[in-house]
Amino acid sequence: SLLPLILLFVVFYFLLIRPQQKRSKQQKLFLENLKKGDKVITSGGIIGLITGIAEDKVTLEVAEKIRIKVLKSAIVDIAKGE
């Protein structure tokens, strides 16, 4: 009677929990490896060039001489092809 419950937990672990932990680890590594000169996309869709990096914030140049500060956690990807 306990076997179906254990089997259900194992299925949930391999289909939901483990992939989420893997994505979380990849995102953390991605954020740690950001450097000046990278062109990135934020979660709000802003594309900018990294001009400065602090512990938890990044300065992006979004247009000539226009810079904004965003949290590192808001950066989702490297901009490709632009």
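Leaving aside its neighbours within four places in sequence, with which residues is D38 in contact? The model examined is predicted, with local features requiring pLDDT of at least 70, side-chain atom pairs counting only at pLDDT 80 or more, and totals for chains, interfaces and linings using all residues. Residues are numbered from 1 along each chain as its sequence is written, and side-chain values use heavy atoms, with hydrogens and water left out.

Beyond those neighbours, D38 is in contact (heavy atoms within 4.5 Å) with N33, G48, L49, I50 and I78. D38 lies in the loop that separates α1 (3-32) from β1 (39-42); helices (H or I, at least four residues) and strands (E, at least two) are DSSP runs, numbered from the N terminus. The relative accessible area of D38 is 13%, so the residue is buried (under 20%; exposed is over 50%, partly exposed in between; 1.4 Å probe, protein chains only). The side chain of D38 also reaches the backbone nitrogen of K35 at 3.1 Å.

I47 belongs to strand β2 (residues 47-53) and is partly exposed because its relative accessibility is 29%. The C-alpha atoms of I47 and A79 are 7.0 Å apart, with the two residues 32 apart in sequence.

One aromatic pair was found under the rule that rings of Phe, Tyr and Trp (its six-membered ring) pair if their centres lie within 6.5 Å, with planes under 30 degrees apart counted as stacked, over 60 as edge-to-face and the rest as tilted. The ring centres of Y13 and F14 are 5.2 Å apart and the planes meet at 85 degrees, so the pair is edge-to-face. Y13 is partly exposed at 30% relative accessible area, and F14 is partly exposed at 48%.

Key
A polar contact is a pair of N or O atoms within 3.5 Å; within protein, one must be able to donate a hydrogen and the other to accept it, and residues adjacent in sequence count only if both atoms are side-chain atoms.
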